[in-house]
Amino acid sequence: MNVQAWTFVMVAFSFALYIGVAIWARAGSTGEFYVAGGKVSPLTNGLATAADWMSAASFISMAGIISFMGRDGSVYLMGWTGGYVLLALLLAPYLRKFGKYTVPDFVGDRYYSQIARVVAVVCAIFVSFTYVAGQMRGVGIVFSRFLDVGINEGVLIGMAIVFFYAVLGGMKGITYTQVAQYCVLIFAFMVPAIYISIMITGQPVPQLGFGSTLADGSGVYLLERLDGLSQQLGFAAYTAGGKSTQDLFFITAALMVGTAGLPHVLVRFYTVPKVSGARSSAGWALLFIALLYTTAPAVAAFARTNLLSVIPEIAYTDVPEWFSKWESTGLIRFDDKNGDGHIQYTGPASDVENELTIDRDIMVLANPEIAQLPAWVVGLVAAGGLAAALSTAAGLLLVISSAVAHDLLKRTFRPNITDKGELLVARIAAGLAVCVAGYFGINPPGFVAQVVAFAFGLAAASFFPVILLGIFWKRANDRGAIAGMISGIGFTAGYIVYFKFMNPELNSAAHWLFGISPEGIGTFGMMINFAVAISVSLLTPPPPAAVQELVEEIRLPDHIGPAHELSA
Amino acid sequence: MSRDRRHAYWRTNLRYLAVLLFIWFAVSFGCGILFVEQLDQIRIGGFGLGFWFAQQGSIYCFVLLILAYVWLMNRADKKFESRKQEPGV
């Protein structure tokens, strides 16, 4: 069977699996729709969180970005894992103890204010839509390359699948499909990584192969070879960094804190039965995530080594098959500037003009073909990319749907709505959100990882400070929280829009505030949020005694004061 | 649980948090970003130590930190729970 046939088989099989699971785990009540009835085991929740968390950006784009950024790529590796430490230590156990369904629920009750609740809802919807657009785009890329359908049709097929199980199953359906999706995506990521590691270094564990010598008997370390190849072609050495230390610091911090503030991740910790379960499921989640995240930098180095040893100076007529296929999607472009019929691929320090443009998003998808792995592995990677994109999209759509049906309708405008009515509204909202996400997938505001990276800055600048203060500082009050959230997200969004959309020509270190790029500005927005929230709280009256009592209560584990029962 | 014991439990928790978050900061921002060049002078196999922390080591430490916190807090929960039955508490 050829690559395309295998891809059809793998994708069709995995889709059938998700739909089967979704039918088995339908939601019957709002409690099941929002938080799977609060009855998910910590291990299952860890698996689902890992799939929910690892998006098309992690699976498709991240290794590719690292392979072009070298050491600086560590901002994504540390940023997207270190946040789980903050989550497990500072947020998850207390949110679980608090109970209820959503992050705006916590903000609204802790800050005893409908305005705070509505501000939190707006932030949640804003962050989630930014993020979900990137996922639908990832779905489109996979379909267009492997199944010969256009990116737009690919997005439509992806929408239909997500619609089916998110609308039908709610959190319960999503949780169990995400477990299946984690298995598909991790298998699809590890198989080619192990294959390539053996081919290049003779070492089956990619994390070790990454630091081993090459299998060609030369005794040279892989990373030394890669540094040498890069410098020869005029690129910076792979293991040396290019970004300034303060920019690395701020981007890493924004991604970490953003991870801990993302509503679709936070809400997952409401689904376990106990406070201790919330802690351990964050541990499970990070363990499952770390499996992919420690493999990705190895894949990045292998892919870069393969690319740099195959492509430069090859005659255009001799290019491998994968090159022509990706060229037809427009994601690889060759422009024979000196007309010699050979591909010159060079970096900024070389005298020879570069003739090749490679989209970073294709590295993981093209890697098995570059390394000439069997056709079934290529098909598997396509299915894995779809699993990653769909699982995250579903989690985000649920946040949007619960924000509309629960936080806005039930808690703000129509408190008397029946459980059945609320469930119907939640399903309709999920359906509409799928359509909006699909629209952004077809008309994307930027490429996958870039769009997603901004969602973190926005989450870091809005939710993290108010939730943290809400738990650890009893004196934090409603006005402080509202002013903090608005100033944090307002500043961050303004900075990003200014440099990315209004004045892209000014987007360079010389014009940035303290040398911080738009990717890292969320950290600064978070500091503003903290500063504003603390000063405004101190200048206005302290929260009522009942709220201070609530804070005392959520600090204790459940057997000392029982976890709040799940009733709306 | 009495007010004092609640506070004792919370102080224990805060002490664990301070220690674990210090390690969290040291392995990621410290070893992976601030002192990466100096650590790169030390080599382990094909890796400079700073590069290894930035792309591998910090992530392993994160997993261990959460596991340590889970273990410590489960122990603390048990300790404070077992005295719940004592008379006068």
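How much area do chain A and chain B bury between them, and what percentage of it lies on carbon and sulfur atoms? Hello everyone, that is my starting point today. Before the answer, a reminder that we are looking at a predicted model.

So, the answer: the two chains bury about 4100 Å² between them, and carbon and sulfur atoms account for 73% of that. On the chain A side, Arg71(A), Leu89(A) and Arg279(A) together supply 16% of the area that chain A buries against chain B, more than any other three residues. If you are wondering why I began with an area, the size of an interface is often given as the accessible area lost when the parts come together.

Chain A brings 49 residues into contact with 44 residues of chain B.

The rule finds five salt bridges across it.

Which elements of chain A give two or more residues to the side that touches chain B? They are the helices H5 (74-98), H11 (245-261), H13 (275-310), H18 (448-472) and H21 (545-554). Helix H5(A) gives the largest share of that side, with twelve residues.

Chain B has 89 residues, and 49% of them count as buried. If you take its contacts between residues at least 6 apart in sequence, 62% join residues at least 24 apart. As for its surface, chain B exposes about 4700 Å², and 64% of that comes from carbon and sulfur atoms.

One last stop, back in chain A: helix H3, residues 42-53. Its twelve residues reach 16 Å from the first C-alpha to the last, close to the 16 Å expected at 1.5 Å a residue. Is H3(A) largely enclosed or largely open? Ten of its twelve residues are buried, so this helix is largely enclosed by the rest of the structure. Among those buried residues are Leu47(A), Ala48(A), Ala50(A), Ala51(A) and Trp53(A), and the list also includes Thr44(A), Asn45(A) and Asp52(A).

Methods: Residues are numbered from 1 along each chain as its sequence is written. Chains are lettered from A and ligands numbered from 1 in the order in which they are written. This is a predicted model: local features need pLDDT of at least 70, side-chain atom pairs count only at pLDDT 80 or more; totals for chains, interfaces and linings use all residues. Side-chain values use heavy atoms; hydrogens and water are left out. Buried means under 20% relative accessible area, exposed over 50%, partly exposed in between (1.4 Å probe, protein chains only). Contact means heavy atoms within 4.5 Å. Accessible areas come from the Shrake-Rupley method with a 1.4 Å probe; for residues, only the protein chains shown count as cover. Helices (H or I, at least four residues) and strands (E, at least two) are DSSP runs, numbered from the N terminus. The expected span of a helix is 1.5 Å times one less than its number of residues. Buried area is the accessible area (1.4 Å probe) that two parts lose on being put together, summed over both. A salt bridge is a side-chain nitrogen of Lys or Arg within 4 Å of a carboxyl oxygen of Asp or Glu.
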